Amino acid sequence: MQGSGLGSNNCLALGVYAMKVVLSYGKTGLPVEVPDDNVTIVRPVFVSRLDDEQGAIVEALNCPSGCKPLRDMVQPSDTVAVAFCDATRPVPNKVILPIILDEMESVGVRRDRIVLVNALGTHRPSPLAELVELLGEDIVRNYRIIQHNCNNYETMAVAGRLSTGQEFWVNRDYLNADVRILTGFIEPHFFAGFSGGGKLVFPGTASLENIKESHGYRILSHANSTWGITHGNPVWELLTEGAELTKPDFIVNVTLNSEKGITGVFAGELRAAHARGVEYARQTSMRAVPELFDVVITTNSGYPLDRNVYQTVKGISAAASIVKDGGAIIVASECIDGIPAGSPYHQLLEMSETPERALELISNPDFSMQDQWQVQLQAEIQMRADVYLYSHRLSPDEIRTAMLKPSSRIEDTLADLLRVYGDGARICVLPDGPQTIPYVDHDADHDVDPT
């Protein structure tokens, strides 16, 4: 964290500042200039990538948490399902999956007895070129890949009944396998506490109706449905409960640094391995700041996390943790996939037109629509603060249809805001977006620099 100030009124008028910060934006980053004074820059604690990422994964498979080594859990006659994250997550599938598949081959499991499940949740299926980018050409060519469809009950089966009373439907290819393996990565999540763990099952391979229940208005309104909380978070508890109904045999989760390098590998039994990874991720990502800010500049952690506006709500939510009521958030997100236009998320935003109307619709017990959870969280933030989006891929009108304010240049938007908030306004920059989860601790050291 760095502290400095606003500069002269001439600088404010011109939007010309002295300190340059590179925001995580798309694949290349976005340099922006901010004032010298009253600025706090907050990043996650940087941890270098492991010297031998492949070796660390092999070691984790052989020395897991809470269960036997993976090779001792598989017989040559078994069928094996491996769930993997889709293109909206920066999981290094091309590093993790070949090692798992080599392990299966080493114990005699034939390739035709293995299925890879793209744990899409409610997301769109991956076209062939995207699958190759995610998994590598060799895997795409030689293994059966299933793309989960949360609306197609013919491809799903009942794993059991949730404590809510609802039947839990999941992908049949995953559920019917003799050995079920979950991959993924662990980072703070804006309503599930942390990602990874059971999220590859629920919502990854679950039905739309199950996802709607676990992402409903009331459960998301709970105070513990937020960043950094697992136990006692009703969303995390329900997602984990559903995952355990499917009896996953083994998970392989990783943590990543801001350069998408692997910093830790956490493998083994679902709860034991995930808990280890969560504590590791918490130490690097949760950052204390001494006060709330008038303006927070954030990102959605760059490609592939900033593929669309829907995903960008996470970066907005990270900033909302430390913005004053009546303040402003500026988010830089490339959005190569747009909003996406025509998605349920976009449709609901267009139906709502205002945050007030959005919450009025979603809070009605008779209302149920895919993606309402993302609109709910976005609208709740916008009831407290103005939100501006910079994306060179989207027109100002497209941004407005997403209920956001367009920013054609971040420096100009910041200059305009500082005219409103005055020379004493305080600014925070989260260059890595939701890889950093800030929280207010009035005893925090103003001079700590986690870079």
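This is a predicted model: local features need pLDDT of at least 70, side-chain atom pairs count only at pLDDT 80 or more; totals for chains, interfaces and linings use all residues.

Q: Which residues make up α2 and α3, and at what angle do they pack?

A: Helix α2 covers residues 53-62 and helix α3 covers residues 93-106. The two pack at an angle of about 45 degrees, and their axes are 10 Å apart.

Q: Which residues in α2 and α3 meet?

A: From α2, the residues are Glu53, Gln54, Ile57, Val58, Leu61 and Asn62. They meet Val95, Ile96, Ile99 and Glu103 in α3.

Q: And how do the residues of that contact divide into nonpolar, polar and charged?

A: The contact of α2 with α3 has 6 nonpolar, 2 polar and 2 charged residues.

Q: Changing topic to the chain: how many helices and strands are there?

A: The secondary structure of the chain comes to 16 helices and 21 strands.

Q: What radius of gyration does the chain have, and what would a compact globule have?

A: The chain has 22 Å. A compact globule with 451 residues would have a radius of gyration near 22 Å, so the two agree.

Q: What box do the C-alpha atoms fill?

A: Along the principal axes, the box is roughly 75 × 50 × 40 Å.

Q: How many of the residues count as buried?

A: Of the 451 residues, 60% count as buried.

Q: And what about contacts between residues at least 6 apart in sequence?

A: Among those contacts in the chain, 76% join residues at least 24 apart.

Conventions: Residues are numbered from 1 along each chain as its sequence is written. Side-chain values use heavy atoms; hydrogens and water are left out. Axes are lines fitted to C-alpha atoms, for helices over the stretch in contact, and angles run from 0 to 180 degrees between N-to-C directions. Helices (H or I, at least four residues) and strands (E, at least two) are DSSP runs, numbered from the N terminus. Contact means heavy atoms within 4.5 Å. Ala, Val, Leu, Ile, Met, Phe, Trp, Tyr, Cys and Pro count as nonpolar, Asp, Glu, Lys and Arg as charged, and the others, Gly among them, as polar. The radius of gyration is taken over C-alpha atoms; the globule rule is 2.2 Å times the number of residues to the power 0.38. Buried means under 20% relative accessible area, exposed over 50%, partly exposed in between (1.4 Å probe, protein chains only).
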